[in-house]
Amino acid sequence: MKKALILLAALIIHCNSFAQILFEEGHFLTNSNEKIACLIKNSDWKNNPSTIEYKLASGGPVQHADIQAIKEFEINGFSKFIRATVQIDESGQNLNNLGEDRSPKFVTREVFLKTIIEGQASLFSFESNNTKRYFYSINGSEITQLVYKKYKIDNRISENTQFRNQLNNQLVCGSINSQEFKNLGYKQKELESIFVKYNECTDSSYTTYGVAKRPDLFHLSIRPGISARSLTIENPQAAVEKVDFENNLGFRIGVEAEFILPFNKNKWGVIIEPTFQSYKSEKTASTKNSTVNTYNVTADYKSLELPIGLRHYMFLNANSKLFINLSYIIDFPSKTTIGFERSDGAQGPNLSIKTGGSFGLGTGFQYNNKLHMELRYHTNREIIGGYHFWNSNYQSLNLIFGYTLF
């Protein structure tokens, strides 16, 4: 198993070294308003960036440009960021640390704002440290934050929803009723909708960025495979101090649900894979008891494993990608035991199966979002917990084949 773990680690390093970095067509604007056509590394940023990586030609060297050097950049058909000096509320939003001040704590910052809608009424966003702020500009006016803040009053959470009044006063047009702002949420989809409605109401041309549907954010796959498993049990106080069962090849079957996270170009996913596995082995073990020389020891262990983890994809080309994943495995054993029978036919102790958790580390290859293969190592799992002196070591190396249903 140690050799298998070393092999798996080497494969993961190898995967990372071959992962393709995607540079896509775009441009940036210099401080002197020169438009530079280039290929920009599309990281599908969750947090707004302060630098970009780009190439002037597909085979050219990777270069860097920071916020001081460029006024804006755009990845064609995907996203646009503009540099702006804004007043931004940096009040914390952690519910456990909310203050009692309803007023925003503005600081002046130079940032790249992500353009959501560009038109007579423009909408922007800035995200950092799991806090998202929205900004707006009307007819090219100064970019202003839409104010929304949570705070506490008498240990109850309240909300400053000033952004509703801001928009009610600014987005004035015949087809927009002021009632529409009363329950407006501080969410991109709802804000987009009202900005689009205003631009259409005023017959203004506008561009919406990043609205292309993200396909396949949920996958369900059938995952059969083969497992090489080993089990060792020991107890220095028992007649049989240690039993090292033979390595065992067995079949496993799982159903994996994968939820793709909507940022970073769909490179991250959360995985849950209920899996049935079984292990059965028998071993003749010597004892330290002079009257009974051997015990016949049987292990019969069946369980439903529930790996919950995180997966990262590395694209090779449009149809092929490598991936690595790390899971924590919760185990639900059936009523199976480890039994001892003496050489004279008398029954020895029966140990009930009571398992602990373990970790799974895997690497694999996926083709055309349908077929995939993974090599996954499961670390040591205690399967006879609850006994004072007994310890166990159960590990497995799994070769998994998968087919994505949708």
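Buried means under 20% relative accessible area, exposed means over 50%, and partly exposed lies in between (1.4 Å probe, protein chains only). The model is predicted, so local features need pLDDT of at least 70 and side-chain atom pairs count only at pLDDT 80 or more, while totals for chains, interfaces and linings use all residues. Residues are numbered from 1 along each chain as its sequence is written, and side-chain values use heavy atoms, with hydrogens and water left out.

**Exercise 1. Determine whether Ser43 is buried or exposed, and state where Ser43 is found.**

Step 1. Ser43 is found in the loop between β2 (35–41) and β3 (51–55); helices (H or I, at least four residues) and strands (E, at least two) are DSSP runs, numbered from the N terminus.

Step 2. The relative accessibility of Ser43 is 19%, so Ser43 counts as buried.

Step 3. Contact means heavy atoms within 4.5 Å. Not counting residues up to four places away in sequence, Ser43 touches Asn264 and Lys265.

Step 4. From Ser43 to Arg252 there are 209 residues in sequence and 36 Å in space, C-alpha to C-alpha.

**Exercise 2. Describe the disulfide of the structure and the parts that the pair ties together.**

Step 1. A disulfide is a pair of cysteine sulfur atoms within 2.5 Å. The structure holds one disulfide, and Cys173 is joined to Cys201 by it, with an S to S distance of 1.8 Å.

Step 2. Because Cys173 lies in the loop between α2 (162–170) and α3 (188–201) and Cys201 lies in helix α3, the pair ties together parts that are 28 residues apart in sequence.

Step 3. The torsion about the S-S bond of Cys173 and Cys201 is about -85°, and therefore the disulfide is left-handed.

Step 4. Cys173 has a relative accessible area of 17% and is buried, whereas Cys201, at 22% relative accessibility, counts as partly exposed.

**Exercise 3. Characterise the packing of α2 and α3.**

Step 1. Two packed helices are described by the angle between their axes and the distance between the axes. Axes are lines fitted to C-alpha atoms, for helices over the stretch in contact, and angles run from 0 to 180 degrees between N-to-C directions.

Step 2. For α2 and α3 the angle is about 10° and the axes are 12 Å apart. That makes α2 roughly parallel to α3, given that angles under 35 degrees count as roughly parallel, over 145 as roughly antiparallel, 65 to 115 as roughly perpendicular and the rest as oblique.

Step 3. On the α2 side the contact is made by Phe163, Leu167 and Gln170, and on the α3 side by Leu191, Ile194, Phe195 and Tyr198.

Step 4. By class, this contact has six nonpolar residues, one polar residue and no charged residues. Here Ala, Val, Leu, Ile, Met, Phe, Trp, Tyr, Cys and Pro count as nonpolar, Asp, Glu, Lys and Arg as charged, and the others, Gly among them, as polar.

**Exercise 4. Identify which residues of the largest nonpolar core touch the most other members, and which elements give two or more residues to this core.**

Step 1. A nonpolar core is a set of buried Ala, Val, Leu, Ile, Met, Phe, Trp, Tyr and Cys residues joined through side-chain atoms within 4.5 Å.

Step 2. The largest nonpolar core has 22 residues, of which Leu146, Leu167, Leu171 and Phe195 touch the most other members.

Step 3. The elements that give two or more residues are β7 (106–118), β8 (121–128), β9 (131–138), α2 and α3. With five residues, α3 gives the most.

Step 4. Leaving aside neighbours within four places in sequence, Leu167 is in contact with Leu146, Phe181, Leu184, Leu191, Ile194 and Phe195. A second, separate core of 20 residues includes Ala238, Val240, Val243 and Ile383.

**Exercise 5. Locate Asn33 and Asn155, and state the phi value of each.**

Step 1. Most residues other than glycine have a negative phi.

Step 2. Asn33 has a positive phi, near 65°; Asn33 lies in the loop between β1 (23–30) and β2 and, at 49% relative accessibility, counts as partly exposed.

Step 3. Asn155 has a positive phi, near 65°. The place of Asn155 is in the loop between β11 (149–153) and β12 (156–160), and Asn155 is exposed, with a relative accessible area of 73%.
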